[in-house]
Amino acid sequence: MAQRVDSSSNRLDDAARAGWLYYVAGNTQEEIASKLGISRQSAQRLVSLSVSEGLIKVRLDHPIGRCMDLAGRLKTRFALDLVEIVPTDPASESTTIGVAQATAAEIERWLKRPDPIVMAIGTGRTLKAAVEQLMPMECPHHKVVSLTGNIAPDGSAAYYNVIFNVADTVKARSFPMPLPVIASSARERELLHAQPMIRETLALASHADVTFVGVGDIGPDAPLYLDGFITDAELKALQKAGAVGEICGWAFDADGKLIDGLTNDRVASAPMPSRERSLVVAIAMGKRKLPGIRATLNRRLVNGLITDERTAEGLLDLA
């Protein structure tokens, strides 16, 4: 068993070296084969392995004309301060590919600033995928604060809460929200928010310089429902009330207005930071999220958007 583990570890080391030589140093596969003393076919397999194992992260830095045009139109139509559009893979149904990489690049741009900033982070699958793309950094002068609770209904850590992942990767000071995502009652939320430690975290979140949030839909596969934060009956009640999307658990209708009562009375998340004083960026893509994204933009719940071509086209068709 030990020999197999060592062999696997050595192969990953070789793959990392081959990937670096190819993507960073610009070597051809023939040159890699020569430098590593292996065949060209082996060099090709190692380069492929470096990507499939996530050892090498590839980003596209060249802006594509079509994406730039869509970004400009969305920026004008919804008075946005930041719009990033990535190409769409027509054969893919992924709701994170491309957008996760672009979000990671934007997060890194903020973290590279020399002056201290406060970055607020929401939760969700797309944000988690973005954080996994972050490059290791040393940012002890920055603060990263969570907008949402990090406790799942069964008492475990919420799987898609990314505050600890961010802090570990970039070595920034982290401020988690030690709360359930949705409290058991409005009274419980009130009592929890009254705790001194929670009040300080909420105050820090309200002064964020930049915020990144995901947009969840309220369809049959709503993340809030799939992850066990709300029941089937609560999901149906939100749908009946006209909810089309949610950000950090806050459900809103097609006009971007928060749903009165229901689960919104129990959401323990911090309010969204000011869009007048800071940048609040939504990260979302996909057809089923279109109504929620459009409502978010129309109501100016955010003033930044990172999405893909297909979603951008849908937003402009609906506008």
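This is a predicted model: local features need pLDDT of at least 70, side-chain atom pairs count only at pLDDT 80 or more; totals for chains, interfaces and linings use all residues.
A residue is called buried when its relative accessible area is under 20%. By that criterion, the buried residues of helix 12, which spans residues 290-298, are L290, G292, I293, A295, T296 and L297. Helix 12 is followed by R300, a residue with a positive phi near 55 degrees.

The secondary structure of the protein amounts to 13 helices and ten strands. The radius of gyration is 21 Å, close to the 20 Å that the globule rule gives for 319 residues, so the protein is as compact as a globular protein of that length. Taken along the principal axes, the box filled by the C-alpha atoms is roughly 65 × 45 × 40 Å. Of the 319 residues, 49% count as buried. Among the contacts with a separation of 6 or more, 71% are accounted for by residues 24 or more positions apart. The accessible surface comes to about 15,800 Å², and carbon and sulfur atoms hold 52% of that area.

One sheet can be followed strand by strand. Strands of a sheet pair through backbone hydrogen bonds, in either a parallel or an antiparallel manner. Here an open sheet of three strands has the order 6-7-8, and its pairing is antiparallel. Strand 6 and strand 8 are the edge strands, each pairing on one side only. Strand 6 covers residues 216-217 and is joined to strand 7 by two bridges, with the strands running antiparallel. In this pairing, G216 has E246 of strand 7 as its bridge partner.

G245 stands opposite F252 of strand 8, and E246 stands opposite A251 of strand 8. Strand 7 and strand 8 form a hairpin with two residues between them, and C248 in the turn has a positive phi of about 55 degrees.

Burial can be traced along these strands as well. Strand 7 is mostly covered, since four of its five residues are buried. In a regular strand the side chains alternate between the two faces of the sheet. In strand 8 (residues 250-253), W250 and F252 point one way while A251 and D253 point the other way, and all are buried.

T263 has its place in the loop between strand 8 and strand 9, the latter comprising residues 279-283. With a relative accessible area of 2%, T263 falls under the 20% limit and is therefore buried. Apart from its neighbours within four places in sequence, T263 is in contact with I182, I230, E234 and L238.

I38 lies in another loop, between helix 2 (29-36) and helix 3 (40-52). Its relative accessibility is 29%, so I38 counts as partly exposed. When residues up to four places away in sequence are not counted, I38 touches A33, A43 and L46. The C-alpha atoms of I38 and T28, which are ten residues apart along the chain, are separated by 13 Å.

The surface of the protein also carries nonpolar side chains. W20, Y22, Y23, V24 and V51 form a nonpolar patch there, and together they have about 480 Å² of accessible area. Helix 1 (residues 2-24) gives the most to this patch, contributing four residues. V24 is a residue of helix 1. Because its relative accessible area is 55%, over the 50% limit, V24 is classed as exposed.

Definitions and conventions
Residues are numbered from 1 along each chain as its sequence is written. Side-chain values use heavy atoms; hydrogens and water are left out. Patches are made of residues with over 30% relative accessible area and no salt bridge: like charges are joined within 9 Å, nonpolar side chains (Val, Leu, Ile, Met, Phe, Trp, Tyr) within 5 Å. Accessible areas come from the Shrake-Rupley method with a 1.4 Å probe; for residues, only the protein chains shown count as cover. A salt bridge is a side-chain nitrogen of Lys or Arg within 4 Å of a carboxyl oxygen of Asp or Glu. Buried means under 20% relative accessible area, exposed over 50%, partly exposed in between (1.4 Å probe, protein chains only). Two strands pair if DSSP finds at least two bridges between them. The radius of gyration is taken over C-alpha atoms; the globule rule is 2.2 Å times the number of residues to the power 0.38. Contact means heavy atoms within 4.5 Å.
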